[in-house]
Amino acid sequence: MSEANRDKPEGLESALLLAGVALMVVAYFLPAVTFPARGGAVLGLSIFDKLPLMSVLAFAGLAAAVATRFVPSLQRYAEQATIFAILLALAPALWGFMVALDAWSGVRQTMLQMANARSVKVDPGLAYIPLLAGAALIGFSLRRRLQRAVPAAA
């Protein structure tokens, strides 16, 4: 297999990448942390609600990973862009949960105001399931790409 054929994305590789990116984008708008409010209601904040600037950077990284698969001049950077996109997308999710637990953060104060309470118990939300599934699919697309590269080197 020639170097030019390796750079062209395969159908399954592209499908895995696009499905993973779609899952990750959906996860950013699902509740990442949930907390009870007065009256028994359960409130939640999404990753995008907690960290909008970091979320935009994550979306840019995901867009760059997709662009490296379809723009011929960028295809040589596909491996690096994919790894960078996974890391950029997971960082705000982890950071946002830690910030929600921190008693001195602005996010925590927002949660207390929303709940109209002096303290709240923070639980992880459903956003982490599609987020991790999306990261796995993007990782599988990268693995598929790298497996196609191995016969080319032989």
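So, a quick definition before I start: two strands count as paired here if DSSP finds at least two bridges between them. And keep in mind that what you're looking at is a predicted model.

Okay, strands. S1 covers residues 31-36 and S2 covers 42-46, and the two run antiparallel, joined over 5 bridges.

What stands opposite it in S2? Leucine 45 does. And over in S3, valine 33 has proline 124 opposite.

H5 runs 78-101. From first C-alpha to last, H5's 24 residues reach 35 Å, close to the 34 Å you'd expect at 1.5 Å a residue. Which of its residues are buried? There's a run of alanines, among them Ala78, Ala81, Ala85, Ala89, Ala93 and Ala100. The buried list also takes in Glu79, Thr82, Ile86, Pro92, Gly96 and Val99.

Now step back into the loop between H4, which is 52-70, and H5, and you'll find leucine 74. Buried or exposed? Well, in between: leucine 74 is at 33% relative accessibility, so it counts as partly exposed, since buried means under 20% and exposed means over 50%. Leucine 74 also belongs to a nonpolar surface patch, together with Val71 and Tyr77, of about 230 Å².

That's my tour, so over to you.

Conventions
Residues numbered from 1 in each chain as written. Predicted model: local features only at pLDDT ≥ 70, side-chain atom pairs only at ≥ 80, totals over all residues. Heavy atoms only, no water. Helix = DSSP H or I, 4+ residues; strand = E, 2+ residues; numbered from the N terminus. Patch = residues over 30% accessible without salt bridge, like charges linked within 9 Å, V, L, I, M, F, W, Y side chains within 5 Å. Areas by Shrake-Rupley, 256 points an atom, 1.4 Å probe, with all protein chains shown as cover. Salt bridge = Lys/Arg side-chain N within 4 Å of Asp/Glu carboxyl O. Buried < 20%, exposed > 50% of the residue type's maximum accessible area, 1.4 Å probe, protein only. Expected span 1.5 Å × (residues − 1).
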